[in-house]
Amino acid sequence: MSKKIVATTSLAGCFGCHMSLLDIDERILDLIELVEFNKSPIDDIKTFTKQCDIGIIEGGCCNSENVHVLKDFRKNCKILISVGECAIMGGLPAMRNNNASITECLEEAYLNCVSVQANEEKIIPNDEELPMILDKVYPCHEIVKIDYFLPGCAPRADLIWNALVALVTGNEMDLPYEVIKFD
Amino acid sequence: MGESKSQKSVEVNAENFSECCSCSCKNIKTILAKYGSDRVRLMDILIDIQTNVGCISKESVKEIAENLNISKVDVEQTLSFYHFFSEKPTGKYAIYLNDSAVANMMGRSDIAKALEEEVGCKFGSVTEDCQIGLFDTACIGMNDQEPSAIINQRVFTNLTKEKVKLIVNGIKNNFDVNDIQIEGYCQATHKLITSNVCSNIKKEGPILTKDMKVGDALKKVILMDPNDVIELVKQSNLRGRGGAGFPTGMKWQFCRAFKDEKHYIFCNADEGEPGTFKDRVILTERPELLFEGMAIAGYSIGSDEGILYLRYEYKYLQNYLEDVLSTLREQNLLGKDIGGKAGLNFDIRIQFGGGAYVCGEESALIESAEGKRGEPRDRPPFPVEKGYLQKPTVVNNVETLCAVTKIIHQGPKWYRSLGTLDSTGSKVMSISGDCDNPGIYEIEWGFTVNDILEMVGAKDVQAVQVGGPSGSCIASNEFKRKLAYEDLATGGSMIIIGKHRDLIKDIVMNFTDFFIEESCGSCVPCRAMTVQFKNKLEKIYRGNGVQEDIDQMLEWGKVMKMNRCGLGHTAANPILTTLKNFRELYTAKLQKTDYVSEFNLEEAVQESCAAAGRIPNLGGDHE
């Protein structure tokens, strides 16, 4: 059996889910036997070089670049998994979705906040190279079809591991209570 | 609840804010003194201030908190919970226009438009001179005479554009709302009721028929042993008429068994289930029957205090009901040494709510009567053990207590001869919607839906909503079902929906909005999932739904059982029962792919680009 190909990315997330993936410890050696990584911060491949089987998405979408990357993943991966609270529900970044418009958020961050000291020209960053900020933070499944969801903040290493192994081997997933218990 | 939708949109000119909502401390002190500075009477205190001033300001809250020796937050949490309390001015004349499904079916939107034009402000706001406020409100129990509105506690029914003109004209001329005369309204039942609300009794049954003298049942009871009275009620197989159907005699027996220095009888007249208005009619037409039933219940469980918890929407009945109570006291049917029996005391006071559907749940009702937020309690202990002020308490529906009086008067055997074997007696039904004769029908249990549809003159019926939004929406293949606890149970309302209605938009969405608004917020599925349900519903309605959306809603429906109270359990029923009985209405709107995104990059980046002063770069690579 040829190795399954996995890609990963962190959108509007904190990389905590990727850290959790690394928490599989010595099983990373088993993982390398099972899968090959393509575009991912883990091997630093920046662009897709071939069609992948599994795409692991951390973080929701807060800007146009996130949307672009997510759509790129959907195009290049057979299966997409939303991993963690931010990908599934927007998470901490989505706190800005409530009670404040994006204009108010930007003005607070760049113009009005007490810690703003050196912005005499009152500029909200507007360089063409910068990603455009979305009106709110979106969970991934509102932008593209997501096939599986692994909850947690971050999901435990065991949960990610069990899910990956089940997907790759085609066996039923081992889901003991402990791996989806959050407190 | 009230703190979210009803208050956030109130816009008042900042300059006149304080003068719109000024209440002299002397006023508040008088009100506080009236209730003996009792923290348990916080609801009454807030109602009086709201009524007198039109709002409850921060200063008032401070004054109340100091006087009752509780924290400001204690006051604020009660204040913010109820729809009819407001920290912001609601105007000298606060107009609450019913926004229920049936109100909308009967032309509510035209009335809303006419009101906005005549008054000169939008719904959810107050005119600049602070005279008139316009607000939405959930079903006010007038479904048989919609559209209708409450203005300073007076109810105006069957509104037309012409009536709106007359009413607003009267208000602008500074008339007291009770002095505004409008022709063409049905006559008030009693001189103390100024609202021209029609009772619309279309069919009288054993409960509503006036065939006994006030006090006869009570006089019979006080010669009996209380346990024997409970036995009679048990023999009648009477079950609670509020909807849950718990055996009444058993409830009394449990309560009596808990020994304590004090027991309480509550009558639940919160009647918040949209489409239900039978209790309003019973309270208007047969209040003595109810109060006598409360006294009988009091005697049976050993209680000397009864409380009628009446929804705020029915405040127009207050003077009338107080008058009935004092007549009963004069007749020695309430008060001290009832019926000449030394030491037998029982009296009733009326406790008003502040506008909250969830208070119809008995433990929430008790919390509310104690001056707190109307959040349901964890059970056990049940109210029969620890209820009002932690004392054993019976909470019965208006109709249940009326039935008790008749059962005592005519005997349990007579009562058992009515209805079916498992559902004895009769049911007072509130019928509204698309039919010729909406109103009150008292029928024996066992009538089929078809029988009723024929009786009320309903043709071309698409669906019938049985038991309000928390009940179920049934299609014609179920119209042969019988109304009975063992078949189609109901708290007493039927909304008839004609074939020309858009069931999802007119009914399901309105009901879902209702539950979102009325959730107390305590349990997550009820607070959050209802909103998710609504989003899905809207997505499907916009034509962007896929099969998975329906599958997900069905899965989520199971989660609703995790909620603490009946409101939460049933909050998805409008969607779940129509998914079951009218699935084709949903599937017809679905797209035949497995995924549709409603995300639009161009729209999503518009605002931030404008704020930063840059031109959106949507280049082809985003596709």
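**View 1. Eleven residue pairs are in polar contact between chain B and chain A, both partners at pLDDT 80 or more.** A polar contact here is a pair of N or O atoms within 3.5 Å; within protein, one must be able to donate a hydrogen and the other to accept it, and residues adjacent in sequence count only if both atoms are side-chain atoms. On the chain B side that touches chain A, helix H26 (residues 601–612) of chain B brings the largest share, eight residues. Helices (H or I, at least four residues) and strands (E, at least two) are DSSP runs, numbered from the N terminus. Sorted by type, this side of chain B has ten nonpolar, five polar and seven charged residues. For that sorting, Ala, Val, Leu, Ile, Met, Phe, Trp, Tyr, Cys and Pro count as nonpolar, Asp, Glu, Lys and Arg as charged, and the others, Gly among them, as polar.

This is a predicted model, where local features need pLDDT of at least 70 and side-chain atom pairs count only at pLDDT 80 or more, while totals for chains, interfaces and linings use all residues. Residues are numbered from 1 along each chain as its sequence is written, chains are lettered from A and ligands numbered from 1 in the order in which they are written, and side-chain values use heavy atoms, with hydrogens and water left out.

**View 2. One salt bridge links chain B and chain A.** The partners are B:Glu548 and A:Lys145, with 3.9 Å between the closest N and O atoms. The cut-off for a salt bridge is a side-chain nitrogen of Lys or Arg within 4 Å of a carboxyl oxygen of Asp or Glu. Stepping back to the whole contact (heavy atoms within 4.5 Å), 22 residues of chain B meet 26 residues of chain A. About 2000 Å² is buried between the two chains, 56% of it from carbon and sulfur atoms. Buried area is the accessible area (1.4 Å probe) that two parts lose on being put together, summed over both.

**View 3. Four strands of chain B make an open, parallel sheet in the order S9-S8-S7-S10.** Two strands pair if DSSP finds at least two bridges between them. At the edges sit strand S9 (347–352) and strand S10 (393–397) of chain B, each pairing on one side only. From one strand to the next, the twist averages 25°. Axes are lines fitted to C-alpha atoms, for helices over the stretch in contact, and angles run from 0 to 180 degrees between N-to-C directions. Strands S7 (residues 264–269) and S8 (residues 305–310) of chain B run parallel and share six bridges; look for B:Ala269 opposite B:Leu310.

**View 4. A mixed, open sheet of five strands in chain B has the order S2-S3-S1-S4-S5.** Strand S2 (125–126) and strand S5 (154–156) of chain B each have a single partner strand, so one side of each lacks a neighbour in the sheet. Parallel pairing over six bridges joins S1 (residues 93–98) and S3 (residues 132–137) of chain B, with B:Ile95 facing B:Leu134. Helix H8 (residues 108–119) of chain B packs on the sheet and touches S1 and S3, its direction making about 160° with that of S1(B).

View 5. Most residues other than glycine have a negative phi, and most peptide bonds are trans. The B:Pro380 to B:Pro381 peptide bond is cis, with omega near 5°, and B:Pro381 lies in the loop between helix H16 (362–369) and S10 of chain B. In chain A, the bond from A:Cys153 to A:Ala154 is cis too, with omega near -10°.
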